[in-house]
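Please look over the model shown here. A brisk report on its local features follows it.

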Amino acid sequence: MIEQARRIIAQAGRVVSFSGAGLSAESGIPTFRDAQTGGLWEKHDPMRLASPQGFAADPQLVSEWYAHRRRAIAEAQPNGAHLALSRRSNMIHVTQNVDDLLHRAGTEHVIQLHGTIAHDRCNGDCGFREAVDMTDPPALRSCPQCGDQLRPAVVWFGEALPSDAWEEAERVCSECEVLLVIGTSAAVYPAAGLIGLAKSAGAKIIIVNTQSSDASSLADVELLGKASEVVPALLDDPSTIS
Ligand SMILES: [Zn+2]
């Protein structure tokens, strides 16, 4: 199976990756739920921590929750899958992850459908945004342009995906020759619809995941295993693997 997938990728010009939580799980990045488990966060409803309504009700609490998550992400390192993706040039990466591990691995073209936890943006509509220090996350503070509050530049429950990222993701998925789907169960729409979009536009679909999912029926090749092991085996030139 892996040889078949390697041949498909070798023959393709435009390869796009589409990733979810399974890509970063082996780096030790906890899922939203896992990050809540244990300690003082467990008692809070996720809607209070990650929704526009929750932020309006208690911005200080939301700010502290994101400081907690940012520190956990800052301590994580890119794994073998992020690094293998970064070694393949001209590849575009569409991800549902809000972490910065693809960037830190050295990839250049990342489309983050759910935004990035590494930036804050204005909660008003002035358009201000800036990178934050993930190792020493900032406290709740005001927008320097308009005085509204700053918030994490992620997509919260009940919010639409950023239209520019979504339109670019639709375009690259409909133009690619291979869509390499990594670590996502493809359960969350509209993002999951990108696999069907690529398939109907003629792309081959290669899925890497620890278990079969709703997307399996769309796969030309499905490779079950850890992303950190399967993705390097798929993308790296065997002669360069020591
Ligand atoms: Zn502002």
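The report covers a metal site, a sheet, an aromatic cluster and some single residues.

This is a predicted model: local features need pLDDT of at least 70, side-chain atom pairs count only at pLDDT 80 or more, and totals for chains, interfaces and linings use all residues. Residues are numbered from 1 along each chain as its sequence is written, and side-chain values use heavy atoms, with hydrogens and water left out.

**Zinc site**

The zinc ion has the protein donors Cys-122 (SG), Cys-126 (SG), Cys-143 (SG) and Cys-146 (SG), lying 2.3 Å from it. Donors are N, O and S atoms within 2.8 Å of the metal (3.2 Å for Na, K and Ca); water is not among the atoms, so sites may look incomplete. Along the chain the donors follow the spacing C-x3-C-x16-C-x2-C. The arrangement is tetrahedral because the 4 donor atoms subtend angles of 98 to 120 degrees around the zinc ion. Four donors count as tetrahedral if all angles lie between 85 and 135 degrees.

Burial is judged by relative accessible area: buried means under 20%, exposed over 50%, partly exposed in between (1.4 Å probe, protein chains only). The table lists residues discussed in this report.

| Residue | Relative accessible area | Class |
|---|---|---|
| Cys-143 | 4% | buried |
| Cys-146 | 44% | partly exposed |
| His-44 | 13% | buried |
| Phe-55 | 3% | buried |
| Trp-156 | 3% | buried |
| Asn-90 | 73% | exposed |

**Sheet**

Helices (H or I, at least four residues) and strands (E, at least two) are DSSP runs, numbered from the N terminus. An open sheet is formed by 3 strands in the order E5-E4-E6, with antiparallel pairing. Two strands pair if DSSP finds at least two bridges between them. Strand E5 (129–131) and strand E6 (150–154) are the edge strands, each pairing on one side only. From one strand to the next, the twist averages 40 degrees. Strand E4 (residues 115–122) pairs with E6 over 5 bridges in the antiparallel sense. Arg-121 has Arg-151 in E6 as its bridge partner.

Helix H6 (residues 59–75) packs on the sheet and touches E4 and E6. The direction of H6 makes about 140 degrees with that of E4. Axes are lines fitted to C-alpha atoms, for helices over the stretch in contact, and angles run from 0 to 180 degrees between N-to-C directions. Contact means heavy atoms within 4.5 Å. E6 is mostly covered: 5 of its 5 residues are buried.

**Aromatic cluster**

The whole structure holds 3 aromatic pairs. Rings of Phe, Tyr and Trp (its six-membered ring) pair if their centres lie within 6.5 Å; planes under 30 degrees apart count as stacked, over 60 as edge-to-face and the rest as tilted. Phe-55 and Trp-156 form a tilted pair, 5.4 Å centre to centre with 40 degrees between the planes. This pair links distant parts of the chain, 101 residues apart. Phe-55 is in helix H5 (residues 52–57), and Trp-156 is in the loop between E6 and helix H9 (163–175). Ring pairs join Phe-55, Tyr-66 and Trp-156 into a cluster.

**Two loop residues**

His-44 sits in the loop between helix H3 (32–36) and helix H4 (46–49). Apart from neighbours within four places in sequence, His-44 contacts Gln-36, Leu-49 and Leu-61.

Asn-90 is placed in the loop between helix H7 (80–87) and strand E2 (92–95). Asn-90 is not a glycine, yet has a positive phi of about 65 degrees.

Note on methods. Four donors count as tetrahedral if all angles lie between 85 and 135 degrees; four count as square planar and six as octahedral if opposite donors are over 155 degrees apart and all others between 65 and 115; anything else is irregular.
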